[in-house]
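Have the structure open alongside as you read.

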Amino acid sequence: FKRHQEPLRSQIMLGVVGNIGYEYNPKVLKDICDQGAVGLVGDAVHHFNEKNDVETLLCAIDTLGTIAHNKQICAIISDYEIVEPVTRMLKGQDWNEDLVYKTTRCLYRICVDEKLREDAIINKAHEVTAEIIDKYFTVDKVLFNAFRLMNTLITIADKETVKDVFDTNLIDKIVNKFYDELSTPICSELFLMFIKMCCLDPANEEIGTKFSRKLVSLMKKRMDDKAFMAPAMDLLNELALYKPNIDALYVADTLPLTKEVMKKYVDHPELNQANLQVIAEFAKDSEPMRQECLNEKLDEETDLLIEKIDETMEPLYMTEAKTVQMLLRGEEKLTRKKGKNKMALDEDEDMELPIEVIQFVTAGKTMELYGEDGEKRTFHFFMTKDYKDLQCKRPNERKAKQKWLMPMSGIKDIVKGYDKGTDSPFEKCTGFFSRNPDTNTCFSIFGPTTDYGDQNFHFKCDNQKDRDKWVDYINMVKKYVRIKSKRALKKRKDYEDDAY
């Protein structure tokens, strides 16, 4: 670095560092950090920014974007003045595809660090990104990076930043330039950005008014593309949750679409549940809209769906379908069809646990538990045979300690995956040179507040199939215990009434 004043030599050096760190190789990345290469690149950004040497500065920025494989490396980068010169390049230089592509890639990769993200917002990177999306809407590689950067910068919790983006008139610009052949990865990022912007009512209404017809039309055309349909359905659901959008969605032929999706994606509850929620919003909106749902015969289609769902395997899916069925047919018909007793329990409601479920939860599995204290531990996780407690026991211990025991009655929620961010236990516990765990293999159980604080378990499974089993089976046992408890209480009450 003593010879960094020579731009050509620095460009070569930066290119070498970038090529060495291009692949995710923990040992190589550790060497890069231990030998000060990350700091070297950070110093190069600062130096060539002061010299206004755009060509060499771009080499340094490109190298940072290449080697920023995880948050730990981004944390080192955050010690240097990086965001301001990068954002200034986008604001002040004559734009070209190469410059914009490299700078947006660098920003979206390093801004997973919260400090760098805040610096980017202070420097109005989100507003500059909105300009880039508008200017490069037909250049796929730039547009993809720009949308990923925007989704890194804006969050539902930070409505002020979302409003800044909304005020750039970006929604209208996207709607006017959108074309049907836009690739699925870009559409996915665009839909995610729109979902985040829906946290503002004016943005939600504008998207609903101006984009609903195009969204529904594209979903019909790309019905077989699940990677497209999943984020598209999430956006449609978000729009339907905002009552003023229902009329626009109805005019856009949303109801026939939901019927088609229900048939096509029977075996994909993660997608069809969002579809059912859209139907539910129409049914709840008004009596005329409920009648339109019936005219489309969505009630009959829901009946067919309920027959195909395995409730023991997909209890939440079944609950969503039955809720839609109730809303479509009306509460009065549902009451006449099946009465409720004073215990709020169906007269004939009963449940038995399948043998597979009992064996799975009581035998348990050895898994990694990610603690909110930043420590990762290995535990044997299982449910007691009386279904009263969940326990985490170290493999070499005879029984679980009290702090690693969670009563089933204390479970508040069970969530698949995790939100990416510095507060996530799954990211707190990740080593410097190891990747964050796959969200598809992780789940969290949120429990009661104890003397040890909030009792939450965050687990990583070997695969997604095991993860889904744990979430579904625990929910199933919760329902089983609730039904049995209500029945036992009812029997006791009936006995006391008879005795009286």
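Let's start with H12 and helix H14 (residues 201-221), which pack with their axes 10 Å apart and at an angle of about 15°. Axes here are lines fitted to C-alpha atoms, for helices over the stretch in contact, with angles running from 0 to 180 degrees between N-to-C directions. H12 and H14 are therefore roughly parallel to each other; that label covers angles under 35 degrees, while over 145 is roughly antiparallel, 65 to 115 roughly perpendicular and the rest oblique. The crossing of H12 past H14 is right-handed, meaning that the near helix is turned clockwise from the far one by less than a right angle, anticlockwise being left-handed.

On the H12 side, Ile171, Asp172 and Val175 do the touching, and they meet Ala203, Glu206, Ile207, Lys210 and Phe211 in H14. By class, that contact has 5 nonpolar, no polar and 3 charged residues. For the classes, Ala, Val, Leu, Ile, Met, Phe, Trp, Tyr, Cys and Pro count as nonpolar, Asp, Glu, Lys and Arg as charged, and the others, Gly among them, as polar. Contact means heavy atoms within 4.5 Å.

A word on the model: it is predicted, so local features need pLDDT of at least 70 and side-chain atom pairs count only at pLDDT 80 or more, while totals for chains, interfaces and linings use all residues. Residues are numbered from 1 along each chain as its sequence is written, and side-chain values use heavy atoms, with hydrogens and water left out.

Now the other helix pair. The axes of helix H1 (residues 7-20) and helix H3 (residues 37-50) come within 11 Å and cross at roughly 145°. H1 passes H3 in a left-handed crossing. Pro7, Ser10, Met13, Leu14 and Val17 of H1 make this contact with Ala37, Leu40, Val41, Ala44 and Phe48 of H3. Sorted by class, the H1 and H3 contact residues come out as 9 nonpolar, 1 polar and no charged.

Zooming out, the chain has 25 helices and 7 strands. Helices (H or I, at least four residues) and strands (E, at least two) are DSSP runs, numbered from the N terminus. Of the 500 residues, 50% count as buried, where buried means under 20% relative accessible area, exposed over 50% and partly exposed in between (1.4 Å probe, protein chains only). Among contacts between residues at least 6 apart in sequence, 69% join residues at least 24 apart.

Which residues touch the most other members of the largest nonpolar core? They are Ile110, Ile133, Met193 and Phe194, in a core of 114 residues. A nonpolar core is a set of buried Ala, Val, Leu, Ile, Met, Phe, Trp, Tyr and Cys residues joined through side-chain atoms within 4.5 Å. Leaving aside neighbours within four places in sequence, isoleucine 110 is in contact with Ala68, Cys74, Ile77, Ile82 and Leu116. There's also a second, separate core of 29 residues, which includes Val357, Met408, Ile414 and Met476.

Two of those names come up again. Val357 is buried in helix H23 (residues 355-363), along with Phe360, Val361 and Thr362. Glycine 364 follows H23 and has a positive phi, near 75°. Methionine 408 lies in the loop between strand E4 (405-407) and strand E5 (413-416). Not counting residues up to four places away in sequence, methionine 408 touches Met383, Tyr387, Lys388, Asp389, Leu390, Ile474, Val477 and Lys478.

Arginine 377 sits in strand E2 (residues 376-383). Setting aside neighbours within four places in sequence, arginine 377 is in contact with Met367, Glu368, Leu369, Gly371, Arg394 and Trp404. Lysine 220 is back in helix H14 and touches Asp253 and Leu257, again not counting residues up to four places away.

Most residues other than glycine have a negative phi. Asparagine 169 has a positive one of about 65°, in the loop between helix H11 (159-166) and helix H12 (170-177). Lysine 297 has a positive phi of about 60°, in the loop between helix H19 (287-295) and helix H20 (298-308).

Here's how accessible these single residues are:

| Residue | Relative accessibility | Class |
|---|---|---|
| Methionine 408 | 7% | buried |
| Arginine 377 | 16% | buried |
| Lysine 220 | 33% | partly exposed |
| Asparagine 169 | 39% | partly exposed |
| Lysine 297 | 45% | partly exposed |
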